[in-house]
Amino acid sequence: PTLISINETRFATEGNISLITGKAKSKKTFLNSSIAAAAISNESILGFSNNNKKLKVTYFDTEQSNYDSYKVLERIYKMSNNDIKESISYFMLKELSPEERLKEIESVIFDDYFKENQIIVIDGVRDLLYDFNSPEESLKLVTKLMKWSSSLNKHIITVLHQNKGNEFARGHLGTELMNIEQVEKLIDTA
């Protein structure tokens, strides 16, 4: 089932993972804010729509300062015309190590309190590992993300910077996440 559409085209579906990429400072967090706002809103936001199913969002930010995280959350509420605190759960993980971030995310998404949150945003998936160029570490993380999305039947939106010299997502992590995207595109067109 489609959780979020963009211009009436499937975007976020249950049990799958999305990857948002872009150069540094290219407004990836703004895009995530728009998607999160559309999920909790009754209105279409930048073409994103929750298909008249008010969703709940769990948002993990691994990069922003406390002040900037607050501004992101404030923007989501403003864009959605929704200040219902139960609609979105926002976690700031910047100060944690990669393994602590991963443990915190896993603890939250498997907690019964958050079981109704159908959308999980990980803004800064690169920060869940030490070396995004490590094939072993990258495959291990992507396998975990696939397991989470499938076992919880939720949609996970990940964010990863592009390489400085080209348009590809960064490192082995980007390659592994792009492989998921290609498989999902094939399934969607079948």
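Student: Which residues does Thr2 touch, not counting those up to four places away in sequence?
Tutor: Thr2 touches Arg10, Phe11, Ala12, Thr13, Asn51 and Lys53, where contact means heavy atoms within 4.5 Å. This is a predicted model, in which local features need pLDDT of at least 70, side-chain atom pairs count only at pLDDT 80 or more, and totals for chains, interfaces and linings use all residues. Residues are numbered from 1 along each chain as its sequence is written, and side-chain values use heavy atoms, with hydrogens and water left out.

Student: Is Thr2 buried or exposed?
Tutor: Thr2 counts as buried because its relative accessibility is 17%; buried means under 20% relative accessible area, exposed over 50%, partly exposed in between (1.4 Å probe, protein chains only).

Student: Which strand does Thr2 lie in?
Tutor: Thr2 lies in β1, residues 2-6. Strands (E, at least two residues) and helices (H or I, at least four) are DSSP runs, numbered from the N terminus.

Student: What is the strand order in the open sheet?
Tutor: The order is β2-β1-β4, with antiparallel pairing; two strands pair if DSSP finds at least two bridges between them. β2 (9-13) and β4 (48-49) are at the edges with a single partner strand each, so one side of each lacks a neighbour in the sheet.

Student: How many bridges join β1 to β2?
Tutor: Four. In one of them, Ser5 has Arg10 of β2 as its bridge partner.
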